[in-house]
Amino acid sequence: MDETEFWEIVDSTREAAEGDPEDQADQLVERLLQLDPDSVLDFSRHFESRYNRAYRWDLWGAAAVLLDGVSDDAFDYFRCWLIGQGREIFEGALHDPDALAELLDDFDPDIDGDGEELGYAADEAYEQLTGVVAPALGIASQPAEPEGTPLDFEDEAALAERFPRLSERFGGE
């Protein structure tokens with residue numbers, strides 16, 4: 001599976017789910033069940049490598065603005081959700097996390113920002129196809145610490161200064 005096919009699957013499942021991350025995860029499992037097990041593992045490698053690329057302080061700060069604070073687990077789920085938004089939004093956010101203010105049509109913190117189930121979709125499909133747990137993917141794990149300069153997520157003024165467009169459009173009251 002190449003990168004184009006990976007993103008096509010992500011996009012088609014998001015569109016079918018009308019943007020709902022839980023429905024998208026269900027759609028993704030169904031779509032992956034149409035593939036052979038090796039292709040499902042390829043999809044999983046693409047997903048995991050992007051998940052690891054997004055382990056960055058600046059993206060964590062952007063998530064903190066969007067979600068009005070974000071724990072370690074919530075940031076993990078945010079990264080899955082970000083991948084689920086498709087190539088343009090994902091790559092745009094990596095290039096400039098503050099650009100999410102323009103890249104996202106809207107953002108409802110009760111629905112958006114949590115793509116936990118997306119992170120398990122390939123594993124679930126692989127297990128349904130083969131009856132066994134997916135093997136190790138053979139790719140590097142995420143680093144012990146996020147890339148970049150740490151941010152103080154409790155300092156709302158610093159976050160607003162670092163992410164002015166996100167803060168203005170989606171920041172708390």
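Tutor: Helices (H or I, at least four residues) and strands (E, at least two) are DSSP runs, numbered from the N terminus. This is a predicted model, in which local features need pLDDT of at least 70, side-chain atom pairs count only at pLDDT 80 or more, and totals for chains, interfaces and linings use all residues. Residues are numbered from 1 along each chain as its sequence is written, and side-chain values use heavy atoms, with hydrogens and water left out.

Student: Where is Asp 112 found?

Tutor: Asp 112 sits in the loop between α7 (100-103) and α8 (121-130).

Student: Which residues is Asp 112 in contact with?

Tutor: Contact means heavy atoms within 4.5 Å. Setting aside neighbours within four places in sequence, Asp 112 contacts Gly 19, Leu 67, Trp 81, Asp 106 and Phe 107.

Student: And Asp 98, buried or exposed?

Tutor: Asp 98 has a relative accessible area of 3%, so Asp 98 is buried. Buried means under 20% relative accessible area, exposed over 50%, and partly exposed in between (1.4 Å probe, protein chains only). Asp 98 lies in the loop between α6 (87-95) and α7.

Student: What does Asp 98 touch?

Tutor: Not counting residues up to four places away in sequence, Asp 98 touches Phe 163, Pro 164, Arg 165 and Leu 166.

Student: New topic: how do the lining residues of the largest cavity divide?

Tutor: That lining has 6 nonpolar, 3 polar and no charged residues. Ala, Val, Leu, Ile, Met, Phe, Trp, Tyr, Cys and Pro count as nonpolar, Asp, Glu, Lys and Arg as charged, and the others, Gly among them, as polar. A cavity is a set of points, on a 1 Å grid over the protein atoms alone, where a 1.4 Å probe fits but cannot get out; lining residues have an atom within 4 Å of a point.
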